[in-house]
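Student: Please take one part of this model and look at it closely. Then set it against the rest.

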Amino acid sequence: MNIIIVGCGKVGRVLTQQLVEGGHNVTVVDTIADKVNTVAERYDIMGVIGNGATHATLQEAGIDNADLMIAVTGSDERNLLCCLIAKKAGCQTIARVRSPQYSVEAPYLKDELGLAMVINPEQAAAQEIERVLRFPSAIKVDTFGQGRIEMLKFRLPEDSPLCGMAIHELSSKLHCDILVCTVERGEEAYIAKGDLVFQERDVISIIAEPKAAFTFFRKINYKAQPVHDVLIAGGGDISEYLCELLEKDGIAVTVIEKDAVRAEYLSEVLQGTTVVHEDAVSQDVLMQENIDKREAFVALTNFDEENILLSLFAKSVSHAKIITKINRIDFDSVIGKLDLDTIIYPKSVTSENIIRYVRAMKKTIGTNLETLYTLIKGKVEAAEFIVKKQSELTSAPLMNLNLREGVLIAAIIRRGKVILPRGGDSIMVGDSVVVVSDLIGLHDMTEILR
Amino acid sequence: MNIRMTVYILGLLMMFEAVFMAVPSVTAVIYHEQQLWLFAAIALFCLICGWLMTLAKPERKNLSARDGFLIVALSWIVLSVFGALPFYISGCIPHFVDALFESVSGFTTTGASILHEVESLPRCMLMWRSFTHWVGGMGVLVFIMAFLPISGGQNMYLMKAESPGPSVSKLVPRVRTTAIWLYGIYFVLTLIEFILLAFGDMSVFDALNIAVATAGTGGFAVTNASMGSYTPYSQVVVTVFMILFSINFTSYFLLLKKKPKESFNTEVKVFLGIVTFAIVTISLDIRHMYRTVSETVRHAAFTVGSLISTTGFGTEDFDRWPSYARTLLVMLMFIGACAGSTGGGIKVSRIVIFFKNMHNELRVMTHPRQVKKVKMDGRQVEGEVIRTIHVYLACYLLTCVVSILILSLDGHDLTTNFTAVVATLNNIGPGLNLVGPTSNYDVFSTCSKCVLIFDMLAGRLELFPIILLLSPATWKK
């Protein structure tokens, strides 16, 4: 597909990389020549210098032949304007709109302006944080089938009863309806196979209905209750979205914000939240706010370095669930080694959403890509497909399908009911099917067949 | 430096060179020439070497800017050395430096020769000589890129280092698609010229040779008389195509995309302006030498087209022309073709930007507070581009001066030495006096020939890759 990306910031760059790797023809547009040149040198794309919100520039970038225009500049208004102009040229548009003032109007904007997608990274990040806080034992929680099914990632502690157990023994020993999808051990990542034996410090992802997951975690001595109180450092947009969500869940929230005006604003909009006007980057302040007794701590300041320091400190003084927000994606391998529990990359969340949309845009034979998550970066993806037509997939029970190596059919949702598939089950038209695989870039489900 | 990737690309290059040698091999089959086995053997050798070099697929495919320059420089050296083997082993050119000179002159589309009797060469050798022009014209790495995805995303460094012009722009987002477009336009234009020539008075063999030599703006002909022995019709066709091949290929692409306005940009306008000016004034200057106006204009137009496009064909010995005509022709040699064409020289766009910047700087001297940016086709020219052009011109001047100085050791006159360097550095071919259109480069010593080989390579690759290859700083970790 021909795709134009307006804005060469962090998200623009990640998108460029992933879309080029996905085999698309990408043209990037930015007003700053330096930024365009850097990206154009790094990736096999075309760069256009100019204001993406003008018709002339978009014309130069080839809007007439483009299939999709993605506006990810720093300004919401400009992004929307880009979309309006691109829309007139007859191409699909995606805009990043991050301000809370516009976010409530997102559905209206989407419909009235004819946008294909409005993406709000801060809101998406807040939602992801909220999911983890409801299930604090997990590092990451993804949902499929409108929340009917959850994919949870967690780390096995040293004394876990699961250590030394093989995957096929799980159901007989624990009597839980869950399915193990992937196991990460150090740098290695495995798609689950029956004879794989768990070791301590493995990172495991399982798929299950929320209730079943709850029982499973109780049986392996994990905390499965949502947290009761949260301390948040930094009162930016993510905090605002997050507090709203947590208030609805009835969780007690304290936000520390150093800017007086912002703190006052927050206290105005967030009635149920305690807003503290202080600089969070101070041991005294954190101790005063009882960080050592909190059940969860979320570091959401604007600086990655501060967030990392705050989280490391929190880890040393308390047993709280710790969530760290990181803006820069470049150093994720180093940060991953810091053992920081849950890390949220809002930029990745944005690009992941857009990539999913792009992949779903490709003409498919009989299945539609519905949801897509990166389980292990660059290695394993989990994708939810809706089966629209009869095909080879629906012809036989799973055990008779000739699946490719590294493919796991993790769940089938049929008429609102979740099936964790065994070999005898088969796929039917109308099902949503969750596929976990190391074949990156699936856009049609028939690709999982040999 | 990514050594494994370098070896891999050089391996690919050798395999492609083996494929290129199929062209003279087929010629040898058609004319029952015994050099067939020679070409087959060398091609096989290249194929095996290339295959061995590509056995180990590099794990790390990313290239830095430095890798790009070095790979391009090394590629052209390897290409030329192996391209010289047929001339040398067959005994057509007994000295290796001479054979290398001929091969480099071919690939760099210079067209300067050390041969006294071109006609005495077997036809397959002539075909190989002309065909090297075609390969070198658009660039061999660009050719490989059109066929194979070489590396992840950093192909741009290779393309930048190999393509002529101050700034390289893609036609479409993908390097590979861009390369396919460029070669597609190149091939079609060559084909049209071949058909037009073959319908004239030329034999198919001559038409093919002249067509590929014009396409690459090379200038190797199949007779000593160059283009002089053909009819006026053929000469006019070649004149038109020499000028067509020295226009930026992006313009043709835009024309195909139905954007005639963008296609006819400043560079093309200035280029055609210079060509017209030169043809008119030279015609006036040489009018008493020929009987009819049409003959005068034809010779003037052919020579102007030949030199500004840096092809180097000749219909007339312009060395006998009056002083003004000769001087203007030498100046045209410096200007050269448009960026992004197959021609050499400094390139019209560089000269336009250079003069615009000069004009601005002079204005700023009288109004020190004035802020003025260089603009071309309604776009601001980035500071980096202007800086690179200045560095380019400095390198150009230095190469020129040093080369002339070394050549002077042979004891020839200044005009000979000066035009020999200018004609090789700008990839033209013939100069004046001893290296004029009717003579050849055999008058120089081996040392001077090596300097000229360097100049041809440096000129084709626009100086930086070859100079960086020799700079010790490039090789430091």
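Tutor: Start with a strand pair in chain A. Strand 7 and strand 8 (residues 149-155) of chain A pair in the antiparallel sense over five bridges. Strands here are DSSP runs (E, at least two residues), helices are H or I runs of at least four, and both are numbered from the N terminus. Two strands pair if DSSP finds at least two bridges between them. One bridge joins A:Asp142 to A:Met151 in strand 8 of chain A. The two strands form a hairpin, with four residues between them. In the turn, A:Gly145 has a positive phi of about 55°.

Strand 7 (residues 140-144) of chain A is largely enclosed by the rest of the structure, because four of its five residues are buried. Buried means that 20 or more other C-beta atoms, placed from the backbone, lie within 10 Å of the residue's own.

This is a predicted model: local features need pLDDT of at least 70, side-chain atom pairs count only at pLDDT 80 or more, and totals for chains, interfaces and linings use all residues. Residues are numbered from 1 along each chain as its sequence is written, while chains are lettered from A and ligands numbered from 1 in the order in which they are written. For the complex, the predictor gives an ipTM of 0.78 and a pTM of 0.83.

Now the interface. Twelve residues of chain A are in contact with nine residues of chain B; contact means C-beta atoms, placed from the backbone, within 7 Å. On the chain A side, strand 2 (25-30) and helix 2 (33-42) each supply at least two residues. Helix 2 of chain A gives the most, with four residues.

Key:
Two residues are in contact if their C-beta atoms, placed from the backbone, lie within 7 Å. A residue is buried if 20 or more other C-beta atoms lie within 10 Å of its own, exposed if 12 or fewer, and partly exposed in between; C-beta atoms are placed from the backbone.
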